[in-house]
Amino acid sequence: MSPKEYIKREPLMPQPATNFIPERDIHKSPVIECRNLGIDFGGLSAVSNFNIAMGPTEISGLIGPNGAGKTTIFNLLTKVYQPTHGTILLNGVDTHNMTPAQVSQAGIGRTFQNIRLFKDMSVIDNVLVGLHYQIDYGLGTSIFRLPRFFSEEKKAREKALELLSIFDMADMADTKSGSLPYGAQRRLEIVRALATDPCLLLLDEPAAGMNPMETEELMENIVRIRDMFQIAILLIEHDMKLVMGICEVIGVLNFGQLIAKGTPDEIQSNPAVIEAYLGKQKEE
Amino acid sequence: MSFLNYLVSGLSLGSIYAIIALGYTMVYGIAKMLNFAHGDVIMVGSYVCFFAMMRFELPPVIGVLLAVLVCTILGIIIEKLAYKPLRSAPSLAVLITAIGVSYFLQNSALLLWTSNPKVFNSIVGKGSVNIGALSISYVTLLTVGICVVIMIVLTTFINTTKMGKAMRAVSEDKGAAQLMGIDVNKTISMTFAIGSGLAAIAGVLLCSAYPTLMPTTGSMPGIKAFTAAVFGGIGSIPGAFLGGILLGVIENFAKAYISTEFSDAIVFGVLIIVLLVKPAGLLGKQVNEKV
């Protein structure tokens, strides 16, 4: 079933204040909404009762100690795992029973904690794989090299180069992606995810392994991408400077439960968060 | 001069192996499975072409096209019914299933067409081109020519079209490809279709050069082509091409200069030596297992 066949629901009502949607997004329907989302592996509940709603141009962060279930939530959103509880609404459409490919086509793009580029393929081919669904020609057209094949391929190539130039990577288009320096590989992963034309971009530890200068640049780029493409971005990150610097809303996860949600200031002074990270203070 | 003659017939045999090996290597690269039924798809293709030409007296071109069509559909059906339900099963289960499908096809052919060998008329005339003492038959010319064309078309397809790129992406990282919006099932299905279509062409060429057609016709060339694919580095398309050609030439020289009976033993001996020295095959990539 193609994603388009799913029933569109009515736009949701403005979110209550507890959902911390930035003011500019208040009267728009959320791009993603999770209701009581959860997954059990055998008897172990990895994530439970996860509720969020994100505005269409919101930058949110997901933090928490190692093993708290952050990446699991990304895997649930992209249907790498099928949730055992709850509902995910993407632009008001229930993604139940969708495959990862269909969710990607419906508008969720993502990067990976450990880089998963197609290392044997060139930089531009990686981006073209991201554009796959938007390139419009059939098998016959490509075998018989009809004019449509060339026009579509040319269009796709131009689009790919345009996306690469956001990160000043257009001149590396024909390099093998596996031989790029680490930072460039991370950037290419973001470009490839953007190529899938997402309305929600999931970044899994985008700053991992970067030096402070590169992180600074990445922060600017994330905000720039949001402004350019007008999309929502949800990121997992351990670098507090990045999270506190650009996220408008932060969710804190511990043992698969959302223990706090709020603006960076609220999160920094939240006793439950401090406890999760540093342990309980000894009573005098 | 006889050396050149042996070389040419080795190239011809090698081209057939190469075309079959392409099917093995593509399927392995993308679905990470060994499709041992591939050899029997060759046999089915040959029978289809045989009946089209002999029984219905259709022109050879139509016969070949029909064989390609039937095998393409057969490949897709085999994948859908036998392999797709095992997508997440251990590889041993898939391997056994593939052997099962192979026997199923052979025995179906036995029931349908009996074990009597059929004499396959070459799809091109019996003539040959003579250059000095070197004589090259039309079948040889056609076989080598088709092999080169297939190689060029396939390489172009894989490198320049969006389906080709999707295939490369799936073969490298199925999970990541899926998350980029690529329908993995459709891509695997297409790979089987292409591989089986090529098998039909190989079958017709094989039977044009060696005109006996039986239900077991496909199994030995199938195994040899699989060897060729491993020889060249399984998963690699140029590897299959190189492995196939080399295997054909080695086999023919072994037959000519050493012993006809031992030729197969020599071929597999060479494979063993190559794998001892280069475990990933000639053009295969060394996979570093993460510890």
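Among contacts in chain A between residues at least 6 apart in sequence, 69% join residues at least 24 apart; two residues are in contact if their C-beta atoms, placed from the backbone, lie within 7 Å. This is a predicted model, in which local features need pLDDT of at least 70, side-chain atom pairs count only at pLDDT 80 or more, and totals for chains, interfaces and linings use all residues. Residues are numbered from 1 along each chain as its sequence is written, while chains are lettered from A and ligands numbered from 1 in the order in which they are written.

The model has an ipTM of 0.83 and a pTM of 0.86. For chain B the average pLDDT (the predictor's confidence in each residue, from 0 to 100) is 90, and 98% of the residues score at least 70.

Chain A contains 10 helices and 10 strands. Helices (H or I, at least four residues) and strands (E, at least two) are DSSP runs, numbered from the N terminus. Of the 284 residues in chain A, 44% are buried, meaning that 20 or more other C-beta atoms lie within 10 Å of the residue's own; a residue is exposed if the count is 12 or fewer, and partly exposed in between.

Chain A is assigned domain 1 (1–107 + 198–284) and domain 2 (117–196), with bounds that come from an automatic or database domain assignment. Where the two meet, 12 residues come from domain 1 of chain A and nine residues from domain 2 of chain A. On the domain 1 side, helix 2 (100–106), strand 7 (200–204) and helix 7 (212–229) of chain A each supply at least two residues. Helix 7 of chain A gives the most, with four residues. By class this side has seven nonpolar, four polar and one charged residues. Ala, Val, Leu, Ile, Met, Phe, Trp, Tyr, Cys and Pro count as nonpolar, Asp, Glu, Lys and Arg as charged, and the others, Gly among them, as polar.

The contact between the chains takes 19 residues from chain B and 24 residues from chain A. On the chain B side, helix 6 (162–172) and helix 7 (174–179) of chain B give two or more residues. Helix 6 of chain B gives the most, with seven residues.

The largest nonpolar core has 161 residues; such a core is a set of buried Ala, Val, Leu, Ile, Met, Phe, Trp, Tyr and Cys residues joined through C-beta atoms within 7 Å. Both domains of chain A give residues to this core, so it lies between them.
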